[in-house]
Structures are given as C-alpha cells and as structure tokens.
Amino acid sequence: MMDQHSKISDYLKEIDRVIIEGKYDDDWDSLSNYQLAKWYRNAKFGIFIHWGVYSVPAFGNEWYSRNMYIQGSKEYEHHIKTYGNHKEFGYKDFIPMFQAEQFSAEEWAELFKEAGARYVMPVAEHHDGFQMYKSDFSHFNAYEMGPKRDILGELGDALAKRDIPLCASTHRIEHWFFMGRGKEFDSDIKEPLERGDFYWPAMPEPNHQDLFSPSPTQEFLEDWLIRTCEIVDRYRPKIMYFDWWIQHHAVKPYLKKFSAYYYNRAEEWGMDVAINYKHDAFMFGTAVVDIERGQFADQKPYFWQTDTSVAKNSWCYTENNDYKKAKEIICDLVDIVSKNGSLLLNIGPKADGTIPAADKAILLEIGEWLKVNGEAIYDSKVWRKSGEGPIKIQEGQFTDKESKEFTSEDIRFTVKGSYLYATVLNYPEDGKVNIHSLAEKDASKLPHFHGIIKDVSILGFNEKPSWKRTEKGLEITTNQVSSDKPVVFKLLID
C-alpha cells in the first residue's frame, strides 16, 4: 500500500503536470484569460450550506471550535458547564455525536429546487478541519467518521437529478491558526502535533496589526493545495469558494497553482466554472468578487456575488438564531441582481441532518415569489441604471444586520429581451406608482430613457394597470394589486 508521503508527492506532481500541459499557467497574466461562466451569470440565486461538527454544540456560531478554547469566552464557559473540562472533552469528541441520522440528500435537493436556487454550495471543509467528503489525505472526514457518509457526493448526485450545479467552499486555510488557543491551557490540544492530526498545526493567531504573521509553512500549504484539488477531482464542482485569509502573501503561489489546475481541469472536462474570493486575494478579472454579508451601493460593470445567511447571528444552526424575514432577503436579491450581482444565501442544518423549520419556511417563501417573478431575475441583465428611490444601500461587508425599510419609491430595474422589468420593493396601499427614470422629457436633453413603452403588465396579477408617461415619470395606477413583497411591472419596449 502506498504510504501517505508518496501519495502526497504523486499528487503534487500530477497538479504540476496538468498545469504544464493545460491552457492556463499559474500566473495572473495567464489566469486573466478566464471567461466568466455564462450559466453562473444567469443563475442569480444560490444556496450556501454551513453544516458540520460545529452543528452538534449548536451554540454561539460556526466558530465554536475556536471560541471554546478561548478562556473566559461564552463558548468556553458553556463548554465546561455542558460537556466538562477541555482536557477530558475537546472539540474532537463531538465527531462521534455528529451522526446526520436524518440527512436526506434527496429532500434537501428538492427543497432547494422549490426555493428557486440555481446553484448549491455546501461547505466542504470549514475552519475546524473536518471534511464533509471522502478524502484520501485525512481520516477526519464524514465518510470515515461521524455520519460515515460521503455528504458532498450524495448531495451532488441528488442535485444532478434536478440539473442544479454542485459547488463547494473550503475554509481550510484558516485552520493554520484556528485551534491554536487550545495550547494556552491544559486542554486536549497539545504538542506534538503532526500532519494528519485533526488539530494540526494549531499555530498562534494573527493579530489585528499584522494579519499575515506567522506565515503558513510549505508543508501546510501543500496540504491545503492537495485537499482543495481533491475536491475538484472527486466532485467536479462548478464553483469553488474561498473564505478570507487566502489573501496572505505566502498563500498566493499556491492559490495561483490551484486556479490554473481547476481551470485546466474544467477545460479538459468541458465545464464552465468560477472561483469566488474576498479581500483582493485574486488579481481582478481572474475570478469573481464576493462580498460577505453586504452589498455594493451602485451598479458594477463586472459580475459579483453577495454571500449572506438567513440568520443574522450565525452561519450554522444554533438554538437562538436571529432570523431575517423572507421579504428583506427578496428585496436584497432584487437589489443585488439589478447591480450585476448574484445572491448566495446560507442555511444551517441541524446535526441530525434536518433543516430547521425557520430556514425551510424562508426558502419556500422566496421560492414562491420566484415562481411568479423569476423572469425578472433569472437570465436578466442590467439596465442603464440599477434603480431609483430614497433608500441608499450601505456599501461594504457585514452591513446586513440592520433591516432596510424600503418605500414605494424604491424601484429596481433589470432587462431581458424586449422587456424592462421595474420591481417596486414596497408596494403602496393606494396602488399609485411613479417611475421617475421613465419620464417623458425634451428630446434635446438626455433622459434615462428615450424608447417607446408599448405595454405595461404586472407579474402574478390579472389586473391590467392604467398608465401614462408624463414629464414626472411613468405613472401607473392599480386598484386590486396588494402584496407584502416586491411587485414587478413588465414593460414591453420598442
């Protein structure tokens, strides 16, 4: 039987071979030839899934594996009170409790289809270092431990039956330091730690003054590379997503190598793929920008993505999740799509594999809206402006904890074929809407719109609205339309 060192060495050689023989080299000049996958640009809405060993304690958030080792933290105190001291019961001891006994890939995939998702992205490996897939490079994976099932593979098969692309995220790079605080007291994390150990390497955390110190070693980075390439080879995900800290200067050569490998494999397999990144980890134009829990304030000429969660406080299931309302998520989806973006919405299943009732209800409510109004979202393109109205979107990461109170004047635009779609984010009770951007003005001036509106209809309603264009805007009146969610006007343009 081949030893682990030989397997690693052979895989690294295979990675080099694929790059040497492929279209893409491991440098930004070559990777800049990447073409955005058309299916991804058209999909607009995907599901993120944070599910793993951290779903067992279901306390705090998905960083429980780190925080439980920080003396004085709420997780530290909770752990001692609930499970005992860290020396006798550490994070590793949750693995046998993670049984996923009620997990059904078919039920999940059907729910995601009903929610209107056009791609699904499970977390393949989170910061805690437990792989949710079958692996040749670590025994600490869901196929050999805990559920003893290939979670990623089963879900991929179920999604394929419904023509929903499987994607994957890896947060492995942060494992370099994620368990390091456990060395500060008498816990189950102690030296010597070697490659292959669950907690390895458990290094000191970077501080806020120097996020790049200490640097990961070559051994750790090679381990990261083969784990990430293994996901590509075994499951062929359509998108690979990376969390923060991959912008570290020491990671860059390996990041370029992975990207070249992934893009070359995709060429070989005839697949259109993409990579998500944050914090300028990639050279602009070589992958897709992702904004965590936030949005851009303005329309962008490039395609981008927001990733956020149904819960404001956590990415994984906890017993005290603070949930958003479906309406505010739909409004965010409409706003993001109007600005050339896509929404990746996260849910957090329970440790037994069931999806919480609140998560499910939100997804189904979004799905019902998309069944009626999806034509304004899917396959759409941006108009010459994203929208109008008084409410300004706060730009940046981690801005989604405050709910936005949109008005009847907040309208977002998308186009497809002969139609311009105007989505009113908060429909007025009196049924009177004025779209200022479509005002009829002096032809010698440059308004937003000089075209001819031939017809106005409403998605999901039988009522024929009355409308006219004036110097104030496109004035629309309805008598029977009432909705607690965004309402879409479909304008036939000539």
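Which strand and which helix each supply at least two residues of the lining of the second largest cavity? In this predicted model, the elements concerned are strand S7 (304-309) and helix H11 (326-338). The second largest cavity has a volume of about 50 Å³. Its lining consists of Arg293, Gly294, Gln295, Thr306, Thr308, Lys324, Asp332, Ile336, Leu343 and Asp400, which divide into two nonpolar, four polar and four charged residues.

In total, the structure holds three cavities of 30 Å³ or more. The largest cavity contains about 70 Å³ of space. The residues lining the largest cavity are Ile49, Trp51, Trp108, Pro122, Val123, Ala124, Met132, Ile151, Leu152 and Leu155. S2 and H7 are the elements that give two or more residues to this lining. By class, the lining of the largest cavity comprises ten nonpolar residues, with no polar and no charged ones. The largest pocket has a volume of about 370 Å³. Of the 22 residues that line the largest pocket, Glu62, Trp63, Glu292, Trp315 and Phe398 lie nearest its centre. The pocket lining has six nonpolar, eight polar and eight charged residues.

Helix H7 (residues 151-160) has seven of its ten residues buried, so this helix is largely enclosed by the rest of the structure. The buried residues of H7 are Ile151, Leu152, Gly153, Leu155, Gly156, Ala158 and Leu159. Their cover includes strand S1 (45-49), helix H6 (105-114), strand S2 (119-125) and H9.

The largest nonpolar core has 142 residues, of which Tyr91, Phe112, Phe258 and Phe282 touch the most other members. Helix H9 (residues 218-235) gives the most to this core, with nine residues. Apart from this core lies another of 21 residues, among them Ile435, Leu438, Ile453 and Val456. Leaving aside residues up to four places away in sequence, Phe112 touches Ile47, Ile49, Ala117, Val120, Leu159, Ile347, Ile355 and Leu363.

A search of the whole structure finds 47 aromatic pairs. The rings of Trp51 and Phe98 have centres 5.3 Å apart and planes at 80°, so the pair is edge-to-face. Trp51 lies in the loop between S1 and helix H4 (64-67), and Phe98 in the loop between helix H5 (74-83) and H6, so the pair ties together parts that are 47 residues apart in sequence. Both Trp51 and Phe98 are buried. Elsewhere in the analysis of rings, a cluster linked by ring pairs is made up of Tyr64, Tyr69, Tyr76, Tyr83, Phe89, Tyr91, Phe94, Phe140, Phe185, Phe198 and Tyr199.

Definitions and conventions. Residues are numbered from 1 along each chain as its sequence is written. This is a predicted model: local features need pLDDT of at least 70, side-chain atom pairs count only at pLDDT 80 or more; totals for chains, interfaces and linings use all residues. Side-chain values use heavy atoms; hydrogens and water are left out. On a 1 Å grid over the protein atoms alone, a cavity is a set of points where a 1.4 Å probe fits but cannot get out, and a pocket is an open set with protein on both sides within 12 Å along at least five of seven lines; lining residues have an atom within 4 Å of a point. Grid points are joined across faces, edges and corners, and a volume is the space filled by probe spheres set on the points. Ala, Val, Leu, Ile, Met, Phe, Trp, Tyr, Cys and Pro count as nonpolar, Asp, Glu, Lys and Arg as charged, and the others, Gly among them, as polar. A nonpolar core is a set of buried Ala, Val, Leu, Ile, Met, Phe, Trp, Tyr and Cys residues joined through side-chain atoms within 4.5 Å. Buried means under 20% relative accessible area, exposed over 50%, partly exposed in between (1.4 Å probe, protein chains only). Helices (H or I, at least four residues) and strands (E, at least two) are DSSP runs, numbered from the N terminus. Contact means heavy atoms within 4.5 Å. Rings of Phe, Tyr and Trp (its six-membered ring) pair if their centres lie within 6.5 Å; planes under 30 degrees apart count as stacked, over 60 as edge-to-face and the rest as tilted.
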